[in-house]
Amino acid sequence: LLITVHASLLLLLARSSQALPKILCLHGGGMTGASFSSSIQDLQNALAGEYEFVFADGAYGSGSSKLWVSDPPGGKGQATTDPHFADLSLDALDAIVAAEGPFYGLLGYSQGSAFAPVYLSHAPAGTFQKVFLFCGYVPSTHAGLVSSIDAASPFGGLPALVWMGANDYVISNSMTSEQAALFTSPQIITSSAGYHAVPGQGDGTFSQVLASIRSGESDSESGSGGSGSGSGDDSSGGENVTLDPGAGVGS
């Protein structure tokens with residue numbers, strides 16, 4: 001009995017000493033890493049002890065309103081063409097990957113989701129094993145960045161989860177579907193009751209999201225959702241973006 005208890009204790013200590021797989025998280029425009037962390041507590045709680053979530057801040061914006069990419073200087077109707085337009089954010093993520101890597105996954109929400117493929121086009125192959133994108137779009141107001149994305153797509157066949165809410169009136173589902181096409185056979189989950197938010201445990205697709213993070217299976221699914229606890233889009237702390245259906249949102 002003593003030997004059995006001793007062996008169990010050693011196994012427990014060994015597991016506790018192992019580093020958890022890390023997921024690098026990119027917030028929405030007008031947020032920070034800290035506010036994004038607060039908004040996806042359901043996801044973090046459900047995966048506690050399995051994964052470590054690391055939250056980055058975009059290099060643009062100021063204070064509690066950070067951006068991964070600034071708006072085009074000439075307005076959203078005049079797309080930028082410089083492929084280096086968001087280099088400061090790329091440098092910021094490079095520093096985190098170097099200091100805190102290796103990373104298992106890359107997770108992005110809204111503008112962070114739009115920026116995730118930009119970073120994938122920049123980072124060395126194998127930096128991430130999977131990518132998880134919520135309420136995303138192609139940043140078409142930045143033609144130079146899109147050129148970099150297109151040149152790197154489909155990112156070596158990197159497995160991808162693309163999630164969208166049927167009631168997202170900030171980023172249309174067609175815009176998110178356009179982003180999904182950047183990947184090879186992405187897993188697409190659509191919540192019939194979801195909105196512009198990372199789904200929480202009240203959403204009917206929440207268990208599918210957890211399964212995807214844990215297993216990375218690639219297939220298309222849809223589910224009915226309840227109200228998710230996630231990062232909403234409002235003036236009190238959600239993502240501050242202006243909808244431009246023809247060009248993209250935020251930047």
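What is the volume of the largest pocket? In this predicted model, the largest pocket has a volume of about 150 Å³. Its lining is made up of Leu120, Ala123, Pro124, Ala125, Gly126, Thr127, Phe128, Ala152, Phe155, Gly156 and Leu158. Sorted by class, eight of these residues are nonpolar and three are polar, while no charged residue takes part.

I turn next to helix H5. Helix H5 covers residues 111–122, 12 residues in total. From its first C-alpha to its last, H5 reaches 17 Å, close to the 16 Å expected at 1.5 Å a residue. Why may we call H5 largely enclosed by the rest of the structure? The reason is burial: 10 of its 12 residues are buried, so the helix is largely enclosed. The buried residues in H5 are Gln111, Gly112, Ser113, Ala114, Phe115, Ala116, Pro117, Val118, Tyr119 and Leu120.

Finally, I come to the cysteines. How many disulfides does a search of the whole structure find? The search finds zero. As a reminder, a disulfide is a covalent bond that links the sulfur atoms of two cysteines. Cys25 has a relative accessible area of 0% and is therefore buried. Cys135 likewise counts as buried, because its relative accessibility is 0%.

Methods. Residues are numbered from 1 along each chain as its sequence is written. This is a predicted model: local features need pLDDT of at least 70, side-chain atom pairs count only at pLDDT 80 or more; totals for chains, interfaces and linings use all residues. Side-chain values use heavy atoms; hydrogens and water are left out. On a 1 Å grid over the protein atoms alone, a cavity is a set of points where a 1.4 Å probe fits but cannot get out, and a pocket is an open set with protein on both sides within 12 Å along at least five of seven lines; lining residues have an atom within 4 Å of a point. Grid points are joined across faces, edges and corners, and a volume is the space filled by probe spheres set on the points. Ala, Val, Leu, Ile, Met, Phe, Trp, Tyr, Cys and Pro count as nonpolar, Asp, Glu, Lys and Arg as charged, and the others, Gly among them, as polar. Helices (H or I, at least four residues) and strands (E, at least two) are DSSP runs, numbered from the N terminus. The expected span of a helix is 1.5 Å times one less than its number of residues. Buried means under 20% relative accessible area, exposed over 50%, partly exposed in between (1.4 Å probe, protein chains only). A disulfide is a pair of cysteine sulfur atoms within 2.5 Å.
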